[in-house]
Amino acid sequence: MPLTSSSGPLRVAVVGVGGVGAAHAHAFAAHPDVELAALVDAVPGRRDAVAAELGVPRVLDDWREVLAADGVEAVSIALPNALHAPVTIAALEAGLHVLCEKPLATTVADARAMVDAARTAGRVLEVPFNHRKRGDVAFLERYLADPGIGDIYHVRASWRRRAGIAAAGWFRSRELAGGGALIDLGPHVLDLVLHLLGEPAVRTASAAVHGRLGTAGYGRTRSATPVHDGGDVFDVEDLASAFLRLDGGVSVQFEISWAGHAADDEDISLEILGVDGGVRLFSRRYATEGTVQVFRDVGGVPAVIRPAVDGRGGDHHSVVRDFVAAIRSGAWAEHDGSLALRRTEVLDAVYRSAATGAEVEL
């Protein structure tokens, strides 16, 4: 079983080098304490192009090959969602640390099995919730702590697109993706809410999902042809709406959509309402400047404050830095994927509520 070196660069392989996987590869290649040892992808053209760009010495066709690769200590997995669990579990059992793209898994059972595998192997399992690394999110985290907005009672959170349904590919397949817009964008939005509120437990979920625009052919963007392409099937949702009840009585209005005949473009919105004030983050097309507003009464008069916020961060470089630091720290038990498991449990409850038309308790 490979052991993580205490000196010398961390040897990492990236499994899956589509859009997000290529971002992982670039982030690892830029890290001063990492050697990007191998790239794995069943599509030679894109794999070899990234390898040539980054000077990666080894390319592989099958993820199983990397488990036996000499000296590899960690893998970064960016494959279709249905492959997250089998590849992650195999890598952990082989003694490798794992950075796995969101969602952790397509089912709660698989997600729990992944966390159990990390604990049994004594290895790091992390999911890159990179949006929490944004400068405006960091500002909100500090502001909510001091001066704060009083008792928080309600949150409105959304990620909405005008036209964001892939023209083809595994994202549109329930078998390969586990769902549609909710399982694609929802993990990030849910992570922001729970992270900023201090990780309260979600008690109930009531939800509805719709796949009407995708079925009708609306809302399509570029063609998508990733590994294990799902073809032109569309059997997932393009909109999900949920109402969550959290510990302490906080309620959350939660909406995710890939497409809609509305004013939405590529909009991430988060509003947190407290007794003494409120905050809003609104990011159109991933904007990081001018995204934060604070609402308070000043001298008894409603006022809007637009603070200057550091807009940096939110990319995969910050995620990779944290992943490498977690491995180097030796505190591996603190990074076992359990946080991502909790997000999977909530999304599963949303899907179950939508399927049954009834509120679901977690």
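## Salt bridges in a predicted model

At 1% relative accessibility, R343 counts as buried. The model is predicted.

User: With which residue does R343 form a salt bridge, the closest N and O atoms being 2.8 Å apart?
Analyst: A salt bridge needs a Lys or Arg side-chain nitrogen within 4 Å of an Asp or Glu carboxyl oxygen. For R343 the closest such atoms are 2.8 Å apart, so the pair qualifies. The partner is E199.

User: How many residues apart in sequence are the parts that E199 and R343 tie together?
Analyst: E199 sits in the loop between helix 8 (181–196) and strand 8 (202–210). R343 belongs to helix 11 (residues 338–356). The parts they tie together are therefore separated in sequence by 144 residues.

User: Is E237 buried or exposed?
Analyst: E237 forms a salt bridge with R174, closest N to O 3.9 Å. R174 is partly exposed at 36% relative accessible area. Buried means under 20%. E237 has 2% relative accessibility, so E237 counts as buried.

User: What is the relative accessible area of D48?
Analyst: D48 meets R47 in a salt bridge at 3.0 Å, N to O. R47 is buried, at 6%. D48 is partly exposed, and its relative accessible area is 35%.

User: Which residues are linked with E199 and R343 in a network of salt bridges?
Analyst: E199 and R343 pair directly, at 2.8 Å. Both also belong to a network of salt bridges.

User: How many salt bridges does the count come to?
Analyst: Opposite charges can pair when their charged atoms come close. The rule sets the limit at 4 Å. By this rule the total is 25.

Notes. Residues numbered from 1 in each chain as written. Predicted model: local features only at pLDDT ≥ 70, side-chain atom pairs only at ≥ 80, totals over all residues. Heavy atoms only, no water. Buried < 20%, exposed > 50% of the residue type's maximum accessible area, 1.4 Å probe, protein only. Helix = DSSP H or I, 4+ residues; strand = E, 2+ residues; numbered from the N terminus.
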